[in-house]
Amino acid sequence: MPVQRNRLKNLSIDGTKRVLLAAPRGYCAGVDRAVIAVEKALENYGAPVYVRKQIVHNIHVVTTLEKKGAIFVDEVDEVPEGSHIVFSAHGVSPAVVKGAADRQLQAIDATCPLVTKVHREAVRFARDDFEILLIGHHGHEEVEGTMGHAPERTTLVNSPADVPNITVKNPDHLVWLSQTTLSVDETMETVRLLRERFPNLQDPPSDDICYATQNRQVAIKKVAEEAELVIVVGSANSSNTVRLVDVALENGARAAYRVDYASEIKQEWLDGVATIGVTSGASVPEMLVQEVLDDLADAGYTDVAQVVTAEEDLMFSLPKELRTDAAGNPDERGLGGRSRKLDWQRDSA
Ligand code: SF4
């Protein structure tokens, strides 16, 4: 999308205009790894490389990879036999893996390791005869992938409102798991309601809501306490992005909006606003946040302070097929999605 500058007017307000920039924000380790996986697959095997579903839920990332030769498909039966296919960061069910194998596709699994952890929990609890109450959003790819690992034993709990209608076979052999990108507070409320109905409900061995989702929510909570307006950069189908809007509104922001691009910011959002909070979802490149800051600067919001609530240094190894370059030499990115600090960490160092 072309950058159109000086769109926003610098109107006077009571008070000092400023921006509070939440940190952590933007790319998480799982997204970074998945995006690099597609880039490396293109380098090693040449275009086209097929990708099942959006590799991560961000329209800018997807269109950028399409320009480099990635072809995004909904299902493996759209891919020519023998081609390379990358499974997205949100994970796939065993049925999808089998479907790819049946077509002799060369599969590269970019499922985030923290999603794989939930898959393993589902398999283990199903094997131990538990019923699984999976808290997550109906139709989300991650939920479909996790349910596919224990389809006979998993019931989806879409929201707290679902709880009264849940039926189970044995209320004493129940465990809850969750999608990795939910609102922590809403999920805990759902669990509280579930436990009222099923007192012997077992917790997962560790948090399923991932570190990146939690860290971004903590940071925007802090920012929202002081911001009249919060702008969240990210795509509409990005669960963790949409949750950041909810969390901002629940924690003090008078208004909160999601934008894919800076060009979507409306002049009227800024009416009478002194403090604007800015953050971005876990699949958002920092350049899109920078474009928002540039536009806000045009509108007089030049005073930018970063609100840092956590440091992040997690890195994941690339999928094993991609740990070397095309000539078979080890790739410097092979032992971690990113060998450098994230942009907000560099800025705050
Ligand atoms: S948001 Fe969490 S689970 Fe999803 S890719 Fe990032 S680190 Fe992995």
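Predicted model: local features only at pLDDT ≥ 70, side-chain atom pairs only at ≥ 80, totals over all residues.
Student: What relative accessible area does V308 have?

Tutor: Residues are numbered from 1 along each chain as its sequence is written, and side-chain values use heavy atoms, leaving out hydrogens and water. V308 belongs to strand β12 (residues 304-308); strands (E, at least two residues) and helices (H or I, at least four) are DSSP runs, numbered from the N terminus. Buried means under 20% relative accessible area, exposed over 50%, and partly exposed in between (1.4 Å probe, protein chains only), so V308 counts as partly exposed, with a relative accessible area of 37%.

Student: And how far apart in space are V308 and V218, C-alpha to C-alpha?

Tutor: Along the sequence, 90 residues separate V308 and V218. In space, C-alpha to C-alpha, the two are apart by 9.7 Å.

Student: Let's move to the ligand. Where does the ligand sit?

Tutor: Cavities come from a 1 Å grid over the protein atoms alone: a cavity is a set of points where a 1.4 Å probe fits but cannot get out. A molecule sits in one if more than half of its atoms lie within 2 Å of its grid points. By that rule, the ligand's place is the largest cavity.

Student: Which elements give two or more residues to the shell around the ligand?

Tutor: The shell is made of C28, G30, V31, C112, L114, V115, T180, T181, C210 and Y211, taking a residue as near if one of its heavy atoms lies within 4 Å of the molecule. The elements giving two or more residues to that shell are α1 and α4 (113-127).

Student: How many residues of the ligand shell are charged?

Tutor: Ala, Val, Leu, Ile, Met, Phe, Trp, Tyr, Cys and Pro count as nonpolar, Asp, Glu, Lys and Arg as charged, and the others, Gly among them, as polar. The shell splits into seven nonpolar and three polar residues. The number of charged ones is therefore none.

Student: Now helix α2. Which elements do the buried residues of α2 pack against?

Tutor: In α2 (residues 59-68), the buried residues are H60, V61, V62 and L65. An α-helix has 3.6 residues a turn, so residues three or four places apart point the same way. Using contact to mean heavy atoms within 4.5 Å, the buried residues of α2 pack against α1 (29-45), β3 (70-73) and α9 (286-298).

Student: Which residue's side-chain oxygen reaches the backbone nitrogen of H60?

Tutor: Polar contacts here are N or O pairs within 3.5 Å; within protein, one atom must be able to donate a hydrogen and the other to accept it, and residues adjacent in sequence count only if both atoms are side-chain atoms. At the start of α2, the oxygen comes to within 3.0 Å of that nitrogen, and it belongs to N58.

Student: Which side chain does T275 join in a polar contact?

Tutor: T275 is in strand β11 (residues 275-280) and is buried because its relative accessible area is 6%. Leaving aside neighbours within four places in sequence, T275 contacts R18, L20, E226, A227, E228 and L229. The polar contact spans 3.0 Å, and the partner side chain is R18.

Student: Is K53 buried or exposed?

Tutor: K53 lies in the loop between β2 and α2. Its phi is positive, about 65°, although K53 is not a glycine. With a relative accessible area of 16%, K53 is buried.

Student: What relative accessibility does D129 have?

Tutor: D129 is another residue other than glycine with a positive phi, near 70°, and it lies in the loop between α4 and β6 (131-135). D129 counts as partly exposed because its relative accessibility is 48%.

Student: Back to prolines: what is omega for the peptide bond joining A47 and P48?

Tutor: P48 is in the loop between α1 and β2 (49-52). The bond from A47 is cis, with omega about -5°.

Notes
1 Å grid on protein atoms, 1.4 Å probe; cavity = no way out; pocket = protein on both sides within 12 Å on 5 of 7 lines; lining within 4 Å.
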